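Please work through each task before turning to its solution.

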Amino acid sequence: MRTPMAAGQEVWGGRRRTFPSEDAKLWFERCVERGYTVPSWPVEYGGAGLSPDDAKIFAEELKRIGARLPLVSFGIWMLGPVLLELASETQKREHLPKIARGEIRWCQGYSEPGAGSDLASLSTRARREGDDYVVDGAKVWTSHADHADWMFCLVRTDADGPKHEGISFLLIDMASPGISVRPIPLISGSSPFCETRFDGVRVPAANLVGREGGGWQIAKRLLEHERTIISVMRDAAPEETETLPQQFLRAGSPAGLRDRVIQAELDFLCNRLTLERNRAAPGVASSMFKLYGTELNKRRKELRVLLAGTGGLEWNTAAKEWLRSRANSIEGGTSEIQLNIIAKRVLGLPD
Amino acid sequence: MRTPMAAGQEVWGGRRRTFPSEDAKLWFERCVERGYTVPSWPVEYGGAGLSPDDAKIFAEELKRIGARLPLVSFGIWMLGPVLLELASETQKREHLPKIARGEIRWCQGYSEPGAGSDLASLSTRARREGDDYVVDGAKVWTSHADHADWMFCLVRTDADGPKHEGISFLLIDMASPGISVRPIPLISGSSPFCETRFDGVRVPAANLVGREGGGWQIAKRLLEHERTIISVMRDAAPEETETLPQQFLRAGSPAGLRDRVIQAELDFLCNRLTLERNRAAPGVASSMFKLYGTELNKRRKELRVLLAGTGGLEWNTAAKEWLRSRANSIEGGTSEIQLNIIAKRVLGLPD
Amino acid sequence: MSSRFVDSPEQAELARGARAFVERRIPVAALRGVRARPADDRIDRALWRECAQLGWAGILVGEGDGGAGLGMIEAGLVAEQLGRTLAPTPFLSTAIIGGTLVPSPALAGGDQLVALALDETPFFDARASCETIIRDRGVIGAKRNVLDGPAADRVIVRTQDALAIVDARGPGVTITALDRVDSRSVADLRFDRAPVIDTLSLDHLDRAITRATAALAAEMLGGADAVFATTLAYLKERRQFGVPIGSFQALKHRAAQIFCELELTRSIVRAALAALDANAPDAEPLVSAAKARASDTYLLATAEAIQMHGGIGVTDELDIGLYYKRAMAASMLFGDAAYHRDRFARVAGY
Amino acid sequence: MSSRFVDSPEQAELARGARAFVERRIPVAALRGVRARPADDRIDRALWRECAQLGWAGILVGEGDGGAGLGMIEAGLVAEQLGRTLAPTPFLSTAIIGGTLVPSPALAGGDQLVALALDETPFFDARASCETIIRDRGVIGAKRNVLDGPAADRVIVRTQDALAIVDARGPGVTITALDRVDSRSVADLRFDRAPVIDTLSLDHLDRAITRATAALAAEMLGGADAVFATTLAYLKERRQFGVPIGSFQALKHRAAQIFCELELTRSIVRAALAALDANAPDAEPLVSAAKARASDTYLLATAEAIQMHGGIGVTDELDIGLYYKRAMAASMLFGDAAYHRDRFARVAGY
């Protein structure tokens, strides 16, 4: 459990949880016992109750010995922190320990086929009927919905008022009748993304987090956690086994690609230094990193294909990552949205 | 008069007209006698009265023998055609023959310091006082205003209604009291452009062309002629004495610039072929040529400096044309305006 | 001067007919159908015979050999329409290369498919050294990236001394079909004393490749054009924040720029095809210019199509991804943009 | 790790003080004043003595020689402020190159100006062959593009065998001042048996040039930053079609992109300066990366400034044009972006 984690080696938990090895299972179980899957959560919710300072030391120690994460999940990263902050005591006691113990796996129901960048225009309806909400609509880009037990979901409980104010935050058991899940194949092949359809799904009103119509605030809070995770995941991404210049040399130094390789290397260096500078003296907008990092990644992955020549056109070569990279500048806020944010928030340009 | 005309060799006419040579003067006088300065204008206005077909043959014959234009002027190119179409008989008889005979040199008063791309927001005021208009305000980018005798000018006669409807088209004698002209130095050095200020300038109301408030329609008509001229002037521009690849080779083939030279050559070729295709089968938007031609020219002129190295940084080398080229994508409608036009008129994208 | 840009009535009719046939008979769904089949079974021979009846298989083949006896302008018009729907036919390999090198009634009738085995590395280079040899009238060597290799009846193999014609299904030929992102029929081929049926002088090779490159550029133009039309329609129809996304100025400007690139590409592709038919001395650099620009424009138009479509742009449900993959594969075929820009300059002496 | 990005209190104070001094004492109007004078009289020596009192002339000179004994981070902070107003001082030639090669109390006091005579062609190349020689203790040769050549007291001449120090006003030295678009003090120099005062090993040359290149990159960052600030202010204030032009999305997106480029440039410039102070093994490629990016960013920011300002952007009335001209001249000085990208890759072995 001290070797770097390869893709597909993570323990995601859930009712149908699987483990890549006996060691992973043992490490998971030991950590669950001590609350180390969520060290900073209170003990009563399945955590280890560490103070922020202690949690930081604990994380550094784990990192120092190269220990793997015993459990990864959207519950830990995204839903948990929001429930801790905003949910009722009943909800916390119901859901947090199951997240901590890896018993329930969560997925996120935000995006919709019709909404895209305009997230707040979502139209999945939840109408109150007695003690239940009845949910109709569809969510897309729900990562791993096909493996998840529950979904935290944005639904529209009021279609008449201002669009941001009619949104509520609902917890939905994926085993409920009327839910169907379909994986979404991408241009790069199969993907963890799914489309989830709701057809008269009954959800107990007790599963509403916060007040009815107060979902947008919760959603924004949660998105902040999402951005943190994206950067954590990026840091955890495996090192490239071959640098671009190495691949360039191996390809026989095709003259027509040299300038592009140099520029990509130079930009990579400058971007890395800027991330470093921002850590040293925070201030540069995260939108800039999202924008520049993803656009640069697209360029680099395209170069990898060009440097592989026709060999890079076969499936399961450089092509797959190249094609996957096209989604980078769309998911988690398009490049256009990032440019809008920089122009408005950083540069103060008028609407 | 059969050798190509170098810059500065043109005969512009006017009260203070000068000639680059005795031959030019003689050629000018002979053509004036026969109405050949404006072959297609009616004889009574100083032209030769040629039919469109005959005028075309005449122009081709002149071109065939390599004859120079006897007279160039904004009066011939822009004002004349508009007066012929829209002016009163008195105005035609007053102004057209003097244009044809090169006695009066005209300049164009359209742009204003505050207006820019939003031409119709002009604010030079003309208020009626008895038989006169009293003009106050300023015009910029008036080419050769310091050499011109008269100006055709857009003024605001109504400040209250819709902005396009309060504009009138006025002819103004530059010798009127209250007019001051100041040349505008550019980043590339001296230029033909001037700023013209009007301080209580009295203009006889008889100098209004068309109806009061009808100036915008006339202005648009005139702009169409301007575009034609810009393309005529471009065709007449002297050939480059050294091609970019020749300069590249002379500079010792700097490897880092080769790709940019190739791309500029390739784009130049494609642009030329597209112009040719458009002549063969019209349809491609003129905005595209304005956009692409000027943006390409900027790139090429910058390359010329880079290929000259530090030698290209001295005044009166490649630097001057490089700096001048930066105005290409602004004058006559900015690149942004051309992109807007293509998006709207050609692609039909919504506002 | 302008004839290269104005289609004759016959040419216009050919293009119209080709477009109608392609849209009806070989829509993008045909490529999806092909993709679902194994990599060695991606050419629909019956469909190709239909194409042959329209004169496409023998478009360059003389009338004496049962062909249409037309030129590259016409071939380019057909290729452009095939590109619009990503039609997976052996047009380049058989009609253009085969039609140039080994014209025959069987080929013109759509009964014989031909493949050119040229590359020995993942990088196209018409001037690269070649390891494949003929010994005792048998071909020995290995070739990569052979277009329509899995379906061919005859393979034209570039060897050190000649172009050797071999029977694709004969002894000594091993065909390994490749599963590529553009779902086209492509294979690596090994020759182990494959019997030589006939040989051609290497002198013919350049002409065949240049013609195929020009036709490919036309195909790419058609694809870029089609994907841009789809994108434009989406910009007008898709609403975000209460307005059509095509009303956002940043997208408008980018769309206008793509439009300009498309127009320039159209001009150079037409000029290159016309120059080939006229045996013009500048045909070679014009073809290189056309291929370079077609590659850049196709990749730009498809990448922007994905980005402007947002999330659904990266799903396999939409066809845009298929165009993007084809753009990359076609860019590399017969030399990528960098290769052709270099060639364009070299011909001009710099 | 992060020390290279966080200024110490002393450094922050130095930058603040330098900026205040430059804005008050050497605003852009100073360059306009210099421009109005003949090409051989464009250095204000009294002003430079004032700068020297702030410690700038001797910023790299040891305290024993009357200098400030500071490093490249500090020199870069000063250069950045000088770049903000295009201040026409001999900082690069005298403080950086002179301070590195021939430190002295006179230099640190602002009384001695130094120029480096290196280029023999219009293209900078630190490794180019050199025709200039020393014979009988006299320099013979011709040099181009000598920064601050018209004002120098001492010239450091790169010859085949050594760096030769000569008296700029001594016999055998002909100075031809150049009237360049950036209005800086530059000359072509001819040496006809100019007596050698002293020589230095060629080994010192690279260090001096690398330091000057890094300081220049910092100057360019300052210029780009200042011109972008001007542009941003204009986008907010200028109205067209009834709204501020900064509300047009296409301009917004372009402004945001320039912002990103500036941030990246800032990071690489700081890292390069810090690497020089730390004698880091990767200092050389970092400096090349910084110069390449500073050149691209400065040209982008100034070209966009002109375009976004529209008509008045191309008038001499605004300062933007002065920045644009400086961007081009500075790009070429000590090697343009293409030169440094190539060097960046070569050092890394590709």
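**Exercise 1. Describe how H8(C) and H9(C) cross and pack.**

H8(C) passes H9(C) in a left-handed crossing, where left-handed means that the near helix is turned anticlockwise from the far one by less than a right angle, and right-handed that it is turned clockwise. Helices (H or I, at least four residues) and strands (E, at least two) are DSSP runs numbered from the N terminus. This is a predicted model, in which local features need pLDDT of at least 70 and side-chain atom pairs count only at pLDDT 80 or more, while totals for chains, interfaces and linings use all residues. Residues are numbered from 1 along each chain as its sequence is written, and chains are lettered from A and ligands numbered from 1 in the order in which they are written.

Next, take the geometry: H8(C), residues 249–277, packs against H9(C) at an angle of about 155 degrees, with the axes 8 Å apart. Axes are lines fitted to C-alpha atoms, for helices over the stretch in contact, and angles run from 0 to 180 degrees between N-to-C directions. The two helices H8(C) and H9(C) are therefore roughly antiparallel, given that angles over 145 degrees count as roughly antiparallel, under 35 as roughly parallel, 65 to 115 as roughly perpendicular and the rest as oblique.

Finally, the contact of H8(C) with H9(C) comprises 19 nonpolar, two polar and four charged residues. Here Ala, Val, Leu, Ile, Met, Phe, Trp, Tyr, Cys and Pro count as nonpolar, Asp, Glu, Lys and Arg as charged, and the others, Gly among them, as polar.

**Exercise 2. Work out how H7(C) packs against H10(C), and which residues meet.**

Begin with the axes: H7(C), residues 205–237, and H10(C), residues 320–332, lie with their axes 10 Å apart at an angle of about 155 degrees. That angle makes H7(C) roughly antiparallel to H10(C), and their crossing is left-handed.

From H7(C) come Leu216(C), Glu219(C), Met220(C), Gly223(C), Val227(C) and Thr230(C), which meet Ile320(C), Tyr323(C), Arg326(C), Ala327(C) and Ala330(C) of H10(C). By class, this contact of H7(C) with H10(C) holds seven nonpolar, two polar and two charged residues.

**Exercise 3. Decide how far H11(C) and H5(C) are covered.**

A residue is buried if 20 or more other C-beta atoms lie within 10 Å of its own, exposed if 12 or fewer, and partly exposed in between. In H11(C), residues 337–347, eight of the eleven residues are buried, so this helix is largely enclosed by the rest of the structure. Among its buried residues are Tyr339(C), His340(C), Arg341(C) and Phe344(C), and the cover over them includes H7 of chain A, H7 of chain B, and H9 and H10 of chain C. Just after H11(C), Gly349(C) has a positive phi of about 90 degrees.

For H5(C), residues 91–101, eleven of its eleven residues are buried, including Phe91(C), Ile96(C) and Leu101(C).

**Exercise 4. Which chain D elements touch chain A, and how is Ala272(D) surrounded?**

The contact draws 29 residues from chain D and 31 residues from chain A. On the chain D side, H7, H8, H9 and H11 each give two or more residues, and H8(D) supplies the largest share, eleven residues. This side of chain D divides into 19 nonpolar, five polar and five charged residues.

Ala272(D), leaving aside neighbours within four places in sequence, is in contact with Ala214(D), Ala217(D), Leu286(D), Val287(D) and Ala290(D).

Methods:
Two residues are in contact if their C-beta atoms, placed from the backbone, lie within 7 Å.
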